[in-house]
Amino acid sequence: MDALRVWRTSSHFIGFASKAACAAVTSRANVSVRIRCCSSSSAASAAAAAELPSTTVAPANPGRRGRNSSSTSDRESIRAIRLKKANSFPYQNSSFFSCEESLLPLEIDDELVIESSVYARQIAFLSLLFFVEELRSKGHEPYAYKWTRSHTACQLQDIYSQLANGEECKEDLVSIAGRIIARRAFGKLAFLTLRDDSGTIQLYCEKEILEDQFEQLKTFVDIGDIVGANGSIKKTEKGELSVCVKNFEILTKSLLPLPDKYHGLTDVDKRYRQRYVDMIANHEVADVFRIRAKIVSEIRKTVESLGFIEVETPVLQGAAGGAEARPFVTYHNSLGRNLYLRIATELHLKRMLVGGLEKVFEIGRIFRNEGISTRHNPEFTTIEMYEAYSDYQSMMNMAEEIVTQCALVVHGKLDIDYQGVQISLQRPWRRETMHNLVKEATGIDFDEFKNNLEAAKRVARGILGSRSENNDSHLVETCPSVGHVLNEIFETIVEPTLVQPTFVLDYPIEISPLAKPHRRQKGLTERFELYICGREIANAFSELTDPVDQRSRFEEQIKQHNDKRATLVSNSKYVEGEKEFDDYSYEVSLDEDFLTSLEYGMPPASGMGLGIDRLVMLLTNSASIRDVIAFPVLKIQH
């Protein structure tokens, strides 16, 4: 009913809106209108149909019956017709209808198919506009400048929790403000539920106390409105703590109805597109973002307590470096050059180490022009930190400290539930090499292949063909080294099994261009990734400080990228627009300035990047990254 419900304005305004709309319809001869009911209940459909003329018949053109018309396109059609017919509207000289966006009565075209809920909503909206004008004509501003409140709902619930049922503190006058999310009226009594940022409280409205304001409240205040109220505190006979309202004021009039109170906002796509409605309808959504703020704050406090200082590095960069990812490209008009949204903060933070800052971190947005999934969003938040005179063992301790401190702040314990799985964050966490984890899962020791790439690919194809659900054996075809093949096996077979916190150690040098060579194992690097619930949470190295080795690694990385790109271009199986092709369709360039900085000398150091969005997912039991990003990137809605 919410989609069709007209705010409780005077019968004069509702009557005018209905009559004007019906007059516009019935003024045409031989009108043929077909209604497709799409509201949430049959009652809503009936209410919408009641607003239309009784002469409604079957469509004149039955061939249009199969038309798939969305409410969005119908709304645009309705608006276009209104604007086209604006000059013929009988009240066009009124200043109320002088702007282009005014909602004029609808003249229905012979073949126009409309959504009943949309049509009724326009009538309701028109009535509300009259209502707003009526309030202003009586000296009431429905969009206030400010309201001074003495308490939040939560504060009142805490302070007066000991009141007995039926008891009232008449000497204590309080002032409160928030959104009305429920209302019930019974003759000379009305009960409204008010929600603010801290919680909810009931407004107890009695005609004997409010006098003339009581009728105004019943007539003008509705669900969705933001109101301010003054009064005393009482607890009802049923034990509901309430503000006994002495006077009230509409602070903001809501012109659109809230989602059905029994079902909330359940359309997942709409929840993400209209997050503000999602937060109103589902209060636990706002709680996720409160927890997110706590987590970010705790991360900052933890690293600052260890002597790190926060710095800021460029979002627009001349070369996209610090990771292997497709960047977003933009063009700077004044400079006449392409710039890239950063894909990592790493290279600029390392420049800070060169400059003499020994412990630095940055919490910021990263942008990667890649796929969207429950784990990936094109823009996401990380913390990257670098510490001089330490190695990757130090960063393992740092990762444990950050995650456990955040868990304690959110849950007060280290044993948590994620999507029905019990996760233990008790330290120390498991530490195992990538080679050993792959050997445990497949029985294959990739050390035995040395540099025999074809043998490694042959074995990998067999493993992926038999073990992976999607037969991902083709993934190894373009791998340029045994290290890349090992990584494909790890990501496909092993990664999903790492449910409990696990540090995966010592990655192949071919896939770790910024990590220091392992001091004992040739061909490996001192690098780890932290996995929890089958997801990478953090990535860290003992940082490479040799400028000659770094240049050689960068050049080899560029060569491998270009070779794979050329292979995909020449392979007719891959076409532009497919993920495998797009992953390598961009150009990689050498960051000469970073190499220059290394030539001035960077101290031995370790560094780590930790994904804040995925950590928030873990600690809020959220299945999708979109649930923890307030406004995620979505496909265009047609």
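## Backbone features in loops

Y389 is placed in the loop that runs between strand 13 (379-388) and helix 12 (392-411), where helices (H or I, at least four residues) and strands (E, at least two) are DSSP runs numbered from the N terminus. The model is a predicted one, in which local features need pLDDT of at least 70 and side-chain atom pairs count only at pLDDT 80 or more, while totals for chains, interfaces and linings use all residues. Residues are numbered from 1 along each chain as its sequence is written, and side-chain values use heavy atoms, with hydrogens and water left out.

Although Y389 is not a glycine, it has a positive phi of about 65°, and with a relative accessible area of 58% it is exposed; here buried means under 20% relative accessible area, exposed over 50%, and partly exposed in between, for a 1.4 Å probe and protein chains only. Q419, in the loop between strand 14 (415-418) and strand 15, is another residue other than glycine with a positive phi, in this case near 50°, and at 43% relative accessibility Q419 counts as partly exposed. In the loop between strand 15 (421-424) and strand 16 (430-433) lies P428, which is joined to R427 by a cis peptide bond with omega of about 0°.

## Helix 13

Within helix 13, which covers residues 434-442, the residues M434, H435, L437, V438 and T442 are buried. These residues lie on the same side of helix 13, because they cover an arc of only 165° around the axis, the arc being that of the directions from the helix axis to the C-beta atoms. Just after helix 13, G443 takes a positive phi of about 80°.

Strand 9 pairs with strand 11 (residues 337-341) in the antiparallel sense over 2 bridges, and L316 stands opposite L341 in strand 11.

The loop between strand 9 and strand 10 holds G322, which counts as buried at 16% relative accessibility. Leaving aside residues up to four places away in sequence, G322 touches A344, E346, L347 and L514, contact meaning heavy atoms within 4.5 Å. The C-alpha atoms of G322 and T345 are separated by 6.9 Å, although these residues are 23 residues apart along the chain.

Strand 19 (residues 535-542) is largely enclosed by the rest of the structure, since 6 of its 8 residues are buried. Strand 19 pairs with strand 18 in the antiparallel sense over 6 bridges, and R527 stands opposite F541 in strand 19. The hairpin of strand 18 and strand 19 has 2 residues between the strands, and in this hairpin C533 takes a positive phi near 55°. Strand 19 is also joined by 5 bridges to strand 20 (residues 605-611), with the two running antiparallel, and A540 stands opposite M608 in strand 20.

## Aromatic pairs and charges over rings

The structure holds 8 aromatic pairs, counted where rings of Phe, Tyr and Trp (its six-membered ring) have centres within 6.5 Å, with planes under 30 degrees apart taken as stacked, over 60 as edge-to-face and the rest as tilted. The rings of F503 and F528 have centres 5.1 Å apart and planes at 85°, so this pair is edge-to-face. F503 lies in strand 17 (residues 502-505) and F528 in strand 18 (residues 527-532), so the pair ties together parts that are 25 residues apart in sequence, and both F503 and F528 are buried. The pair of F554 and F594 is tilted, at 6.3 Å centre to centre and 50° between the planes. F554 in helix 16 (residues 547-570) and F594 in helix 18 (residues 592-600) are 40 residues apart, and their pair links distant parts of the chain. F554 is buried with a relative accessible area of 9%, and F594 counts as buried at 0% relative accessibility.

Ring pairs also link F186, F191 and Y204 into a cluster. K234 lies over the face of Y204, at 4.2 Å from the ring centre, and R527 lies over the face of Y507, at 4.3 Å from the ring centre; a charge sits over a ring if NZ of Lys or CZ of Arg is within 6 Å of the ring centre and within 35 degrees of the ring normal.

Terms used
Pairing = 2+ DSSP bridges.
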